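Open your viewer and keep the selection tool ready.

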There are 2 protein chains.
Amino acid sequence: MIPEKLLEVLKNYGVVAIATQGHDGPHLVNTWHSYVQITNDGRLLIPAGYMQQTEANIASNNNVLITVGSSKVAGINGPGTGFLIKGTADFITTGPDFDTIKAKFNWARAALAITILSATQTL
Amino acid sequence: MIPEKLLEVLKNYGVVAIATQGHDGPHLVNTWHSYVQITNDGRLLIPAGYMQQTEANIASNNNVLITVGSSKVAGINGPGTGFLIKGTADFITTGPDFDTIKAKFNWARAALAITILSATQTL
């Protein structure tokens, strides 16, 4: 389900952007590629430290857009590639997904779990 | 107007995320730090190759959110920092701003010009 090239991008250093729909416009937060874990069933788990506005937005509308990119992975038109991920998100504060996140990031107050609907290479 | 640390981030390799409001939710596109030019009056100029949906969204609502980040610049809580920029955007296809972009990126069909309303360090 997750393209090999996307996995390769996540192995390289980079910034993840996560967009949600707020009442007065889009909301955008960041995390690091290295913080993203992938579950056996192909979801993304991201530690949430703050992300209060993201959590509030997801409670109304759980659609998220996520971008990742790396200059170290070959792209369509040259060096460097990026992906746009469309998915749905949940904030998880108990159970195995939360435990997985908490084991690595003890500061996390929740696991942001992303079910991928599509992952499109953009660069 | 533009924080020194933000300029430092842009000098390092990284991915820029640009969010706009679409009719059915946020829209997110990427570019590279190295593609961003800064005008004498403190605006950001970004070459637009595709970005058709971004252009259409801006025609209805010119508010944009932009994130940048680098692990190479010291942050609030450790190595690595990021910024959230709120601004207004214009697509420019003639005149000096377009010429500036076109001189460096001959594939650009427009200059996406961002007037910064706020730039907040998030990491």
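Two notes before going on. This is a predicted model, where local features need pLDDT of at least 70 and side-chain atom pairs count only at pLDDT 80 or more, while totals for chains, interfaces and linings use all residues. Residues are numbered from 1 along each chain as its sequence is written, chains are lettered from A in the order in which they are written, and side-chain values use heavy atoms, without hydrogens or water.

**Stay at this cavity**

Strands are DSSP runs of E, at least two residues, and helices are runs of H or I, at least four, numbered from the N terminus. Strand 1 of chain A gives the most, with three residues. By class, the lining has six nonpolar, four polar and no charged residues. Here Ala, Val, Leu, Ile, Met, Phe, Trp, Tyr, Cys and Pro count as nonpolar, Asp, Glu, Lys and Arg as charged, and the others, Gly among them, as polar.

**Go to the largest cavity**

Select A:Leu6, A:Leu10, A:Val16, A:Val36, A:Leu44, A:Ile46, A:Ile66, A:Val68 and A:Ile85, which line the largest cavity. Helix 1 (4–11), strand 4 (44–48) and strand 5 (63–74) of chain A each give two or more residues to this lining. All nine lining residues are nonpolar. The volume is about 40 Å³.

**Finish at the interface**

Show both chains. In contact (heavy atoms within 4.5 Å) are 24 residues of chain B and 24 residues of chain A. The two chains bury about 2,000 Å² between them, 66% of it on carbon and sulfur atoms. Buried area is the accessible area (1.4 Å probe) that two parts lose on being put together, summed over both. Pick B:Tyr13, B:Pro26 and B:Leu28: they supply 31% of the area that chain B buries against chain A.

Technical notes: On a 1 Å grid over the protein atoms alone, a cavity is a set of points where a 1.4 Å probe fits but cannot get out, and a pocket is an open set with protein on both sides within 12 Å along at least five of seven lines; lining residues have an atom within 4 Å of a point. Grid points are joined across faces, edges and corners, and a volume is the space filled by probe spheres set on the points.
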